[in-house]
Amino acid sequence: MLRFLTAGESHGPELTAIVEGLPSRLPIRSALIDEQLRRRQQGHGRGGRMRIESDRVEITSGLRFGLTLGTPLTMRIRNRDWENWKTKMAVEGDPPPEAKPVTKPRPGHADLAGVLKYNHDDVRNVLERSSARNTATLVAVGSVARQLLAPFGIRIFSHVVEIGGVEAKKFPKTLEQIADAAELSTVRCADPEAAEKMVEAIDQARREGNTLGGVFEVVALGVPPGLGSYAHPDRRLDGRLAGALMSIQAIKGVEVGLGFTAARLPGSEVHDEIGYDPEKGYTRDTNHAGGIEGGVSNGQPVVVRAAMKPIPTLYKPLRSVDIHSKESFQASVERSDTCAVPAAAVVGEAMTAWVLALCFREKFSGDSLEEVKAQYRAYMEMVSRR
């Protein structure tokens, strides 16, 4: 019922996203999308591209007077750097002399695999689309999903728990306090002492021409029980979240709740015991499952973590092989970041929001927001009686 499609190249005229399946009469504010795009561009360790682009969304269909029409919503984000690439990235005509082909694939990128897959002679034909610049469309789509979830009390935030081997260990007491502290940190870390060390590690890596990866956590509050399914493997909420987070460039691992830690503990220290309070209903003292049991949300906060590898574009480049001459060379260098983990956390929020919105629409269908709200109220009333 809910799906999206994105298009565009890193140095092309614009990035485009189309979202289908939104109910009608849903308020959508472009300013809220712009705010998420701004957050994606922040973070200590970002590179020169962030000083060029100042992303703003233009909604060109599916919205009238601030309310969705129930038809596809189209968004575009213009690339300001396109002015410098008009000739090299021209849509039509013959390649000009200055559009010299890139022939040295970079280790760790999609360059070589893409050249082989699509039979290209120029690596730029691959790197323009595989670039993390395209995560701007994911953030725009995720912001629309957030605005669908917001009327139902679902809130999503992220925080960085590790960069370059520096781990955050001292967190505020509540999830809300963690969210607020992360927003005030240049590395989105709620542990001030660890955040300072992360900044130092990033600065050291930059001086050495190196890059750093890390781990971020995304938390969704207010998720009702019943999203996802245990009946069908492809509808499991945890499986969908893992796939969505792994679709983000450079993400190499995903955990739900305790994740890999659960494999090292006995069952008595892993599973969340269930209690009952006449006023609150079913209760849990822990959330080791990350709010998901059997592929279905259980009413607790949904907690997922994602591991991001170091960005493979190094200013101290690794060895590569020219795809034409087969001679060994130093890999070509594209403008890049030293560390993008804080930004990736914002993209992770967006993809988490999208999956939750997708499962939410499966659970609560309807052509208009009023229909969706009616179904949601009826279901929650039934749950409260249980």
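Q: What should I know about the model before we start?
A: The model is predicted, so local features need pLDDT of at least 70 and side-chain atom pairs count only at pLDDT 80 or more, while totals for chains, interfaces and linings use all residues. Residues are numbered from 1 along each chain as its sequence is written, and side-chain values use heavy atoms, without hydrogens and water.

Q: Okay, at what angle do α1 and α5 pack?
A: About 135°, with the axes 9 Å apart; α1 is residues 30–40 and α5 is residues 135–149. Helices here are DSSP runs of H or I with at least four residues, and strands are E runs of at least two, numbered from the N terminus. Axes are lines fitted to C-alpha atoms, for helices over the stretch in contact, and angles run from 0 to 180 degrees between N-to-C directions.

Q: And what does that make α1 and α5 to each other?
A: Oblique. Under 35 degrees is roughly parallel, over 145 roughly antiparallel, 65 to 115 roughly perpendicular, and the rest oblique.

Q: Which residues of α1 meet α5?
A: L32, I33, Q36, L37, R39 and R40, where contact means heavy atoms within 4.5 Å.

Q: Switching to the sheet: in what order do the strands come?
A: β1-β2-β6-β3, 4 strands in an open sheet with antiparallel pairing. Two strands pair if DSSP finds at least two bridges between them.

Q: Which strands stand at the edges?
A: β1 (3–7) and β3 (57–61); each has a single partner strand, so one side of each has no neighbour in the sheet.

Q: How many bridges link β2 and β6?
A: 6, between residues 14–20 and 73–78. E14 stands opposite R78 in β6.

Q: Where does α5 lie on the strands?
A: Across β1, β2 and β6, at about 140° to β6.
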